[in-house]
Structure formats: C-alpha cells, structure tokens
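Thanks for coming. I have a few points on one structure, and I will take them in order. Please have the view open.

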Amino acid sequence: MSDDVSTLPAVGGKLGVDRVSIGDLGELSDHLGVMMGRLKTAIYRPNSQKQAPKFNAAQLAALCGKSANSMLRMLESAEKRGLATGLVTDATGQKTAAHRSFTVEQAIEWVRAIGNKCFKRKPGQAGAVITVGFFKGGVGKTILATSLAQGLSLKGYRVLAIDFDPQGSMSAMLGVDPAEVDVSETFTPIALPKGVDGHSENLGDSVRPTYWSGVDIIAGNTALFNCEFYLPIRSMNAQKEGKRFNFLEVLTKGLQMGLRDEYDYIIIDTPPALSYTTMNAYWAADAILMPVVPEGLSLQSSVQFWDQFTELAQEAAKQSLEPKDYSWLGIVPSKVEGHKPSVQEMMKWIRLFYGEYVMSSEIPQTDAVKTGGTEFKSVYDISRASEYMGSSQTYARAREAFDRMVNEVDAMTRRSYWLEQQGE
C-alpha cells in the first residue's frame, strides 16, 4: 500500500487536508455564533425577536371553554369587565368586530376571568414542581417541557420554567438566546459556594420574563457545567467545618423562598444526563414526566435510567432529613408513528414495562412537531396550519395531542398533589 498522499482522493475544506489548530476552532466558534444570529433573524422576522401568536374570537372561546355564540355575547360586555374587546382597526381607521385579535396576555386574562380550567390553590398551598427528564437525547424532552409550560399558562396558571440544560434549548424555545444569558439569570448563583463572588441565596433574583405572557424563566447556558464542580466543593467545605450539606437540596431550598408561592407550576427541563445538577431537578420535583420513544434503544435507556436514578436517590435519601416521594410519575410515549406495525408492537412493550405509569396521552411524530425543533416553535406558537406549510388535519392532530397531555398532567397534579394537601 502506497504512502503517497497524492493518490488520496481530494476533499473540500479542511477535511483530511490541513491540520486544525485551536485558533482555527476559535475562528469556527466565532463564525458559528454569527451564523446562529443570522438564522434567528431569519426565523424571528420581522424584528429578530420571537413573537407570541394572536388568537381570534373562536380560538379564545375554545381556550375559555365557551361556545362561539356565548363568547361573542361576552365580548360585547368586555369593556365593563375590564377585558380586551379584540376589536381590530381596519383600513379606514374604524374599529371592527369582523376580525378580532387577542394577545396571549389578553387571552389568559379572559381565561382567568370566565374560564373554569384553572385550579385555585388555597393560601399556603405550594405550587407544583414537575421535572421533565430522561438521560437519552432526542426523545422530545424540551418540546414537551416548553409545550407543557405554555399549555398550562393558557389554562390560566402562572408558570415558571427552569432550564437546567447547559445547551439552553428550553431558553431558546422561549425566546431567550442562551449566548446572551448572564450567569446571574441561571441556577448557578445558588449553587456557588458561599463567599464566592456571584453567590446568592435567593433564586428569585434569577427569574426573567419571556415573550410568552404567563411564563417566566430561569434560563440555561454553559455556566451550568460549572455547577458540577461547585456543588461537591460545597459538600467538602461543609464536611471540613463539621456541618451537614446535602447537595441535592440546593434547588429545593431555593424554590421554597417564595417561588412556590408565586407560581402555580414550575416546569424543569433537564439535560440527557444524571449529574449533581440534574439530580437537584429530580429531588426538587413533586412529579416526574418522562417521554419515551417507542423503540428498543429508548426503552432500554429508560431501564438504565431508573437503575442509576434509584441507586443515586437511595444514597441521597440517607443524607436527607425527610423521606422523598413523588405525587405521580408519568411515562408519555413520544414521537409516536402509530401507523407502523413495529411502533404498535413497541407501544405494547412500553405498557408492559411501565403499567399504570403510562399516560393515556401520546405525542405523535408529525410535521407540526418536527417544525418545533427547526424553528424554535411549539404547537402553541403555531396559530394556523399554514405557518408550517402542513395540512390543517396534521396540525389539529398535534395540537390535540399536546392539549391532552397538558390536561392529563393538570388532572394528575390536582388529584395527587393539591387535593391531597387539602385532605380531600
């Protein structure tokens, strides 16, 4: 065999031709940052910022659980109620009811005023923390978590999203550029050792609003990687001082300082890993939602996840002052292509594996769902099928699937968390 490189086929760019220096990688990183900015500008036209959808009168009626005629009658008295009329100014400058338009904020105000979809917590009842997790990537965690936050807000709930993924995918979905997130706007400040610059005891200082009224966020970015070092350092420092420190309880304590009173739901998106930081998200949760794709590798990974999770949790429980349990565990089949016989067979196995934990909701693999990952959109961002160039039936099927998931999560939380607290 000849060693003459001249006999090797020519390739483009730097593939197999030039050596790549650290400087080259730095230039590539700068270039990628510029290109990502261009991509988001193209996606978020016309003003380079993510825009929330608008709702017409029929869509508002559906959100409020009212008939179209009933909604129209209520809109006639909107001003007396202090609510938006939705009237649009036409080309002549006149307000017209022919085409009403409502912002997300206005729609949520209507839902809270006349809808009956929002559970009213009693004074002293804490908001529910739901962690969406799995340590296999590509199963739809972020789409699920973001859609859950948006869907619950459309039922009238006040929602806080927490992005625990250093990639900041949930942040991007909620219109926050991870590259522009300051460390103080993440989980990092309460993970930092006391006395270190930037440390904070108040997680509420990290909350920022999003483009979607009704959903605030504690964002995620690469700073979260450093928490994997900060938390064990705090544990070692405590041991040296003869003090008790459970690194799993950092987020739990942070949420107890007002945030669980302020928000009805706290939805946490996690990275595909089990780590010091991620275990904080599971330990702080009142319930766990796990998406599982009906395929062998996903099911196998879920088995490995629970094996490792229980081992870590059992060790952590020994250091906790209170026993840890969950109000509910929901396994939701994700990216389901129900028309395929192999998928139908795997769905049977998922039910055999998880039994009563399998939710009745299923998230289909549709063009509407695929569009989310491509354009940083959930089905709730898409107000009509034409926005993703798909059929109205496909969009309706995806929207109905996520609505069912949101309603099922809410029902399980009401029954097993809030009503149980009330002793009902």
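Where does K335 lie? It is in the loop between β9 (328–333) and α14. Before I go further, note that this is a predicted model. K335 has a positive phi of about 55°, although K335 is not a glycine.

Next, helix α14 itself, which covers residues 341–354. One of the residues in helix α14 is L352. Is L352 buried or exposed? Its relative accessibility is 64%, so L352 counts as exposed, because the cut-off for exposed is over 50%.

Now the aromatic rings. The count of aromatic pairs comes to 15. Take F119 and W418: their rings are stacked, at 5.1 Å centre to centre and with 5° between the planes. This pair links distant parts of the chain, since the two residues are 299 apart. F119 sits in the loop between α5 (104–114) and β3 (128–132), and W418 is in helix α16, residues 392–421. Why do both count as buried? The reason is the cut-off: buried means under 20% relative accessible area. F119 has 12%, so it is buried, and W418 has 0%, so it is buried as well.

A second pair is Y282 with F305, and here the geometry is edge-to-face: 5.6 Å centre to centre, with 65° between the planes. Y282 lies in helix α12 (residues 276–284) and F305 in helix α13 (residues 296–317), so this pair ties together parts that are 23 residues apart in sequence. Y282 is at 0% relative accessibility and therefore counts as buried. F305 is also at 0%, and therefore counts as buried.

Back to F119 and W418 for a moment. Which residues do ring pairs link into a cluster with them? The cluster consists of F119, Y157, Y265, Y417 and W418.

Methods
Residues numbered from 1 in each chain as written. Predicted model: local features only at pLDDT ≥ 70, side-chain atom pairs only at ≥ 80, totals over all residues. Heavy atoms only, no water. Helix = DSSP H or I, 4+ residues; strand = E, 2+ residues; numbered from the N terminus. Buried < 20%, exposed > 50% of the residue type's maximum accessible area, 1.4 Å probe, protein only. Phe/Tyr/Trp six-rings, centres within 6.5 Å; stacked < 30°, edge-to-face > 60°.
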